[in-house]
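Subject: A structure to look through

Dear colleague,

My notes come after it, and I would be glad if you checked each of them against the display.

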Amino acid sequence: MKQLTKAEEQIMQALWQTGPAFVKDIIEAMPEPKPHYNTVSTLVKILIEKGFVDFKAFGKSHQYHALITKEAYSHKTLNSLAKSYFGGSFSNMVSFFVKEKEISVNDLEQLIKKIKDHDK
């Protein structure tokens with residue numbers, strides 16, 4: 001799976017939020033400042049080429065939909081992050097966030113609980 005640019009990821013976030021959508025719907029789902037219609041249209045075409053998006057034609061209009069779930073992309077991205085920066089260790093990654101005070105004790109406790117519940 002190819003890595004998305006920040007702009008491409010914003011388009012995917014909008015598609016994951018809206019479900020199948022026309023370009024105008026994608027733009028509406030995006031944060032301010034809204035990108036230009038042609039910019040979004042070009043990015044969607046790139047996402048089609050990369051295999052992340054497909055479409056259904058309705059005359060001259062196209063309704064776009066994601067071919068990959070947000071969860072699948074998140075999983076791939078986090079695995080890549082762990083591999084590239086933390087030697088493949090999620091433990092090292094969590095330790096980094098603890099050291100940087102990016103994760104609270106409460107968040108850690110909830111994470112441990114989820115891990116224990118998953119192992120049952």
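Below is what was found, from the whole chain down to single residues.

This is a predicted model, in which local features need pLDDT of at least 70 and side-chain atom pairs count only at pLDDT 80 or more, while totals for chains, interfaces and linings use all residues. Residues are numbered from 1 along each chain as its sequence is written, and side-chain values use heavy atoms, with hydrogens and water left out.

The protein has six helices and two strands, these being DSSP runs (H or I of at least four residues for helices, E of at least two for strands) numbered from the N terminus. Read from the N terminus, their order is α-α-α-β-β-α-α-α.

As for overall form, the C-alpha atoms fill a box of roughly 50 × 30 × 25 Å along the principal axes. The radius of gyration is 18 Å, whereas a compact globule of 120 residues would have one near 14 Å; the value is taken over C-alpha atoms, and the globule rule is 2.2 Å times the number of residues to the power 0.38.

Buried residues make up 23% of the 120 residues, where buried means under 20% relative accessible area, exposed over 50%, and partly exposed in between (1.4 Å probe, protein chains only). Of the contacts (heavy atoms within 4.5 Å) between residues at least 6 apart in sequence, 45% join residues at least 24 apart.

Please look next at glutamate 8, which is found in helix α1 (residues 6-18). Is this glutamate 8 buried or exposed? Glutamate 8 counts as buried, because its relative accessibility is 4%. Leaving aside residues up to four places away in sequence, glutamate 8 touches Gln3, Leu43, Ile46, Leu47 and Lys50. With lysine 50, there is a side-chain to side-chain polar contact at 2.7 Å; such a contact is a pair of N or O atoms within 3.5 Å, of which, within protein, one must be able to donate a hydrogen and the other to accept it, and residues adjacent in sequence count only if both atoms are side-chain atoms.

Glutamate 71, in helix α4 (residues 70-85), counts as exposed because its relative accessibility is 59%. Although glutamate 71 and tryptophan 16 are 55 residues apart in sequence, their C-alpha atoms are 10.0 Å apart in space.
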